[in-house]
Amino acid sequence: MLQPTDEQQAVIQHDKGHALVCAVPGSGKTATLINRVQYLLNTGVPAQKILVLMFNRQASQEFKSRLDFTLSFAESPEVMTFHGLGFKALEQLSKLGHIEKRSLANNHDLMRYVRQGVAHHTRKLDRKARQLFSKADILVKKTLTQIEQGLSMPSEPLSTLLKSKLQSRFGLDQWMSFNIARSVLDALSANGLITYRMMLTEPVRLAQEQELVAPILRGYSHILVDEYQDINLDQIQMLRLLISEHTALMAVGDMDQCIYEWRGAQPDYMLDEHFSQEFPGYTRHALTRTFRYGASLCTAANNLIDHNLKRLPLVSTPHDDSLETQVCVVRGKRAMADEISDWYKNGVTDQSAVLYRYWADTIPLQLSLAGKGYPFRVSSKERSLFNNRPMKALSAWLHIAAEGKASPDDLISVFSFPTLMIKKETLRGLILQLLQGQSGESVAAQLDPAQQLPFAQRWSCVQQWRQIDSSEPVEPKLKGLQSTLGWAAALMDEGDTEEANEQLKEMDAVILDAAGRRRLTILQLHTELSSLANNNHNQDGLLIATIHATKGLEWDNVILDGLEASRFPRDDDKGDRLIEEERRLFYVGMTRARKRLVCVLPDSSEPSQFLAEAGLFSITPETGV
């Protein structure tokens, strides 16, 4: 670390009591925290009296590695996540004989209990009521969401929902998944199992019921919490167990970078009205000087985020050693393509990223780069987004047409979506019979009457696609297939939330649109999608990601694309709180750049309001600030 700034030095040498450290992007907060730990050790605080809590396991491991390197052979304090701390407390209670031993339920255990719960609760409904709910697989997903994000109690009883003339599948599913989740949690507890979230909630419950946990956890004199803006109620309750009159908390974060409210984060916890209530007498510090980017980007970022009403008065300024950052605006995909081509020519793609609000918006660029043979990568958090049943089925249909034959894996994919409600083991046996030459009708006859015709029709489609000329245009063929299979309706039931359903539907539409606009053949689209799958393992080249997946990261060159007014902010975000979260997301995206930020105006539609708020409309397109 460079010589600490005066702001950093004040944090490092903070004397007594609680502290809230508000840090702008790139202000060196991690290095400051490490120096803070070193300072505490040098002033005689024992390592075992210091606890560092990080947001996730990866951040915890990286911080621990840097801390150990800095401290060399000195004893290092504990560095862990909130979940790790909760599990440690449960293990200690078990060793003391206060509770039975708890084990973390693996995915197999959890899915088994959830599927049993779905089957049990749906059996209790009469046939008419059962038809109103989503399919079993969807109820499984929604139950898992209830379990991991906290039980969301329905506002009305089931009897009222069933009698309503305006029956909402969302409301009915919420009722069902809530009750299934509650029974699953009871079953897990009875068998000594806990979920990931229960690693936080179970110690809190035991503390409230038996006052057992607090004495075990209250051995620390100094607690440091990173990414405090992303803290949720479960974690606040854990902190309450940790803090005693002899404990000093130092919370570090940036309210302007809170982008996870949809999973429980509460940026309001950093406001004085909340923080002073939890941790009275605290001192507020600010790290306002960024080492990452220069004055132009500081100005644009400050202009943007100042439109948020609920925030701390934090203004970023460049450190003397910061490089100047060029901020520019270009119009349209052609100009963006030219920018990316220059990156490839100049060999700077490893230090470059293209960021989007929605994953669906990344697909045209991925297809284009794959078609040109340019190496690129997607973030590890988002590799699985293409690994879902609709996209697997789409790829399988293309593979069948391109190869003129169907592999067992292809058939599993095309028979799994849209779902025919056939158990996976049964489906594998039926597919084996088809591959051995039995007719679709004879194999279908082994199924329930309601499944026979759809199964036979699906096999008929496979036979037809084996005969298709792969040099034909792909768009009309796929649209015809999807119409036959009821693809659109099935997409709306595939995700575990309404937004996820929309995203799956949009991914599918973007692929079809890109294929039609570029007049791709079946073989060409098959080749490009196969290339995308291979890119899941790429570690080099240009990064393509959503902004949500890139917080805490930085690159020399960053492009922000997908900046239509109807998409960023989300067109359903009319409330001030939701608009502010979207603005914070844009702020996070633009502050990932070190040397060059390029914002792409849409070709013809209205651009995002955030560009004007950042003061970027005054820039002539293709001209830097």
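Is Glu261 buried or exposed? What we're looking at is a predicted model. The protein has 625 residues, and 54% of them are buried. Its secondary structure comes to 27 helices and 17 strands. If you take contacts between residues at least 6 apart in sequence, 80% of them join residues at least 24 apart.

Okay, back to Glu261. This glutamate is buried, because its relative accessible area is 15% and the cut-off for buried is under 20%. And where is Glu261? In the loop between strand E7 (248-253) and helix H13 (272-278). So who does that side chain talk to? One partner is Arg584: the two side chains make a polar contact of 2.6 Å. Leaving out neighbours within four places in sequence, Glu261 touches Pro267, Arg577, Glu581 and Arg584.

Now some helices, starting with H5. H5 covers residues 107-123, which is 17 residues, and at 1.5 Å a residue that should give a span of 24 Å. The C-alpha atoms at its ends are 24 Å apart, so the two agree. Have a look at the start of H5, where a side-chain oxygen of Asn106 comes to within 2.7 Å of the backbone nitrogen of Asp109. Asp109 is also one of the buried residues of H5. As a reminder, an α-helix has 3.6 residues a turn, so residues three or four places apart point the same way.

Next, two helix pairs. For packed helices, we talk about the angle between the axes and the distance between them.

Pair one is H2 (residues 29-42) with H3 (residues 57-71): their axes are 10 Å apart, at an angle of about 50 degrees. That makes H2 oblique to H3, and the crossing is right-handed. On the H2 side, the contact uses Thr30, Ala31, Leu33, Ile34, Val37, Gln38 and Leu41. H3 brings Phe63, Arg66, Leu67, Thr70 and Leu71.

Pair two is H18 (residues 408-416) with H21 (residues 449-466). Here the axes come within 10 Å and cross at roughly 130 degrees, so H18 is oblique to H21. This crossing is right-handed. Which residues of H18 meet H21? Leu411, Val414 and Phe415, and they meet Phe455, Arg458, Trp459 and Val462.

Conventions
Residues are numbered from 1 along each chain as its sequence is written. This is a predicted model: local features need pLDDT of at least 70, side-chain atom pairs count only at pLDDT 80 or more; totals for chains, interfaces and linings use all residues. Side-chain values use heavy atoms; hydrogens and water are left out. Helices (H or I, at least four residues) and strands (E, at least two) are DSSP runs, numbered from the N terminus. The expected span of a helix is 1.5 Å times one less than its number of residues. Buried means under 20% relative accessible area, exposed over 50%, partly exposed in between (1.4 Å probe, protein chains only). A polar contact is a pair of N or O atoms within 3.5 Å; within protein, one must be able to donate a hydrogen and the other to accept it, and residues adjacent in sequence count only if both atoms are side-chain atoms. Axes are lines fitted to C-alpha atoms, for helices over the stretch in contact, and angles run from 0 to 180 degrees between N-to-C directions. Angles under 35 degrees count as roughly parallel, over 145 as roughly antiparallel, 65 to 115 as roughly perpendicular and the rest as oblique. A crossing is left-handed if the near helix is turned anticlockwise from the far one by less than a right angle, and right-handed if clockwise. Contact means heavy atoms within 4.5 Å.
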